[in-house]
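Hi,

Here is the structure I promised to pass on. Have a look at it first, and my notes follow below.

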Amino acid sequence: MTKATAFIAVAFVVFGCGGKLKEADKINLAETPVQVVHDMFAVNTEDGVVKQRFESAVMLKFVTDTLDYDLFPNGLQVYGYTEEGLLETIIMADKAKHVTAGKRSAGELWEATGNVLVSNVIKKETMETDTLYWDRKKEEIYTDAYVKLYSEDGLMQGYGMRSDDRARNAILLRPFDSYGYSQSDSTSVKIDSVNFIGPLLK
């Protein structure tokens with residue numbers, strides 16, 4: 001091989017690598033997830049007792065200079081448990097965002113959007129809204145959007161809601177056109193059908 005031929009070969013290799021590097025530079029890391037998790041399943045425990053369970057078809061993790069967050073584009077389900085380990089609260093939404101850390105993040109915040117459903121299965125209360133926020137540090141859920149609240153006492157609706165994250169004491173801030181009914185039966189027995197183990201009473 002002559003010196004001229006060797007020089008041409010080296011020049012070709014350098015030129016080829018340079019073209020690939022330019023293509024890689026076009027990737028926007030702020031819009032590219034650093035981790036993709038399919039069929040995500042996570043459990044949060046405290047002193048060996050399950051507090052929450054999280055399930056989602058897809059989780060996308062993003063890390064930027066100012067914020068770290070997770071996206072759940074195909075929906076999210078959160079299950080909350082009592083101190084005794086009984087299922088108490090279910091939160092479901094079409095999409096969700098979980099801000100975990102960052103220079104602009106004051107805490108851990110969840111945002112659920114699209115057909116948000118919050119159910120307290122023990123109290124038999126269900127809330128429907130379009131947007132819901134969950135501050136895990138303060139253990140609060142809240143929204144300023146339109147809310148429907150169904151319970152055994154009737155239907156309430158309004159704009160804005162505040163509650164603990166177990167949905168035990170939900171309060172509508174601006175209620176309107178609510179409907180209620182009363183029923184008194186000293187022989188009735190309420191059963192938690194979700195957590196009940198054994199034959200149901202006839």
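Of the 202 residues in the chain, 30% count as buried (under 20% relative accessible area, with exposed meaning over 50% and partly exposed in between; 1.4 Å probe, protein chains only). Bear in mind that this is a predicted model, where local features need pLDDT of at least 70, side-chain atom pairs count only at pLDDT 80 or more, and totals for chains, interfaces and linings use all residues. Residues are numbered from 1 along each chain as its sequence is written, and side-chain values use heavy atoms, leaving out hydrogens and water.

On the fold: you'll find one helix and twelve strands, taken as DSSP runs numbered from the N terminus (H or I, at least four residues, for helices; E, at least two, for strands).

Now the salt bridges (a side-chain nitrogen of Lys or Arg within 4 Å of a carboxyl oxygen of Asp or Glu). The count comes to ten. One of them pairs Glu-83 with Arg-168, with the closest N and O atoms 3.4 Å apart. That pair links distant parts of the chain, 85 residues apart: Glu-83 sits in the loop between β4 and β5, Arg-168 in the loop between β10 and β11. Glu-83 is exposed at 52%, while Arg-168 is partly exposed at 33%.

Another joins Arg-136 to Glu-108, at 3.3 Å. Arg-136 is in the loop between β8 and β9 and Glu-108 in the loop between β6 and β7, so the pair ties together parts 28 residues apart in sequence.

Cheers
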